[in-house]
Amino acid sequence: MLEVKHLMKSYGKRQIVKDVSFTINKGESFGLLGPNGAGKSTLISTICGLISYDQGEVYVNNQSIKKFPLVIKQKIGIVPQEIALYPTMSAKDNLMFWGKMYGLKGAKASKRVNEVLEFVDLKDRAKDRIETFSGGMKRRINIGAALMHEPEILIMDEPTVGIDPQSRNHILETVKKLNESGKTIIYTSHYMEEVEYLCDRIGIIDNGEVIALGTQKELCNRLAGGSVVHLDVENKTEQGIDSINEIKNVKHIVSKQNETKLEIYVNEAHETMGEIVTTAVNHGIKVLAVEVQEPNLESLFLQLTGRTLRD
């Protein structure tokens, strides 16, 4: 459905997207994760044809977006991170406007507006102005606007930012429903649990490069150390950390400056935990609490990027 081949984009001397390649199959829900400044938004903008790229190619259904930009834009629906609606217009008029932008007219446009309002469960608010809506309702109309022309690919850039839990759950179920109906989804979020719930495959991008790609199971199997031992400590010392790092099953340690926590990536966590604590205590580190976390995407993301997703 979508193929990105050796894509590169720079602004001046700063390279934002560096030789990125991946494919997305028809009907797949694909998650794109990365910390702030990783290049996600630029990558999405190039895929949509909103900005040009320096090298590489983007294909949708084997058609180049450089050669057939208008044809491909007709196949893509975009749900931007910022609300892209006219606040003084009604929900119905907003949807009609965006439908007309994609060439819908007359009875067909009106019929589609009603279908979309019903799908996002806001038919009873059709004539109300957007400025009277809650944040979650605005987000749902924002999704509706992207669905007006019945795109084959729906790109959603952090669609649940700044909304209440109930609205967030409604949007997640909406996305799930769209994907189950055959819609191809590209989904970015700062909430790891959303991507885990929605996405078949996941790409992790950092510093403009795709550093991991695969299913959740495939990615978690890459984790250097099957589990993470979290130690809450006092008197953290470099010598103590080095000694823990020398323990047989310990693969990697994250120790942030000025923080009282150690994150220790380890195989056979329950067998190795006693030796970790003993070694820490023997080197003057006071252990206040111990927690074992089984491998997940958050662990892998932290290990690969050195940051949490929301950093």
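Tutor: What follows is a short exchange about the chain as a whole and then about one histidine.

Tutor: This is a predicted model, in which local features need pLDDT of at least 70 and side-chain atom pairs count only at pLDDT 80 or more, while totals for chains, interfaces and linings use all residues. Residues are numbered from 1 along each chain as its sequence is written, and side-chain values use heavy atoms, with hydrogens and water left out.

Student: Why is H170 called partly exposed?

Tutor: Buried means under 20% relative accessible area and exposed over 50%, with partly exposed in between (1.4 Å probe, protein chains only); H170 has a relative accessible area of 24%, and is therefore partly exposed. Across the chain, buried residues make up 48% of the 311 residues.

Student: Which helix holds H170, and what is H170 in contact with beyond its neighbours within four places in sequence?

Tutor: H170 lies in helix 6, residues 165-180, where a helix is a DSSP run of H or I with at least four residues, a strand is a run of E with at least two, and both are numbered from the N terminus. With those neighbours left aside, H170 is in contact (heavy atoms within 4.5 Å) with V120, D121 and R140. By comparison, the C-alpha atoms of H170 and K236, 66 residues apart along the chain, are separated by 44 Å.

Student: How many helices and strands does the chain have?

Tutor: The chain has 11 helices and 14 strands, and its C-alpha atoms fill a box of roughly 80 × 45 × 35 Å along the principal axes.
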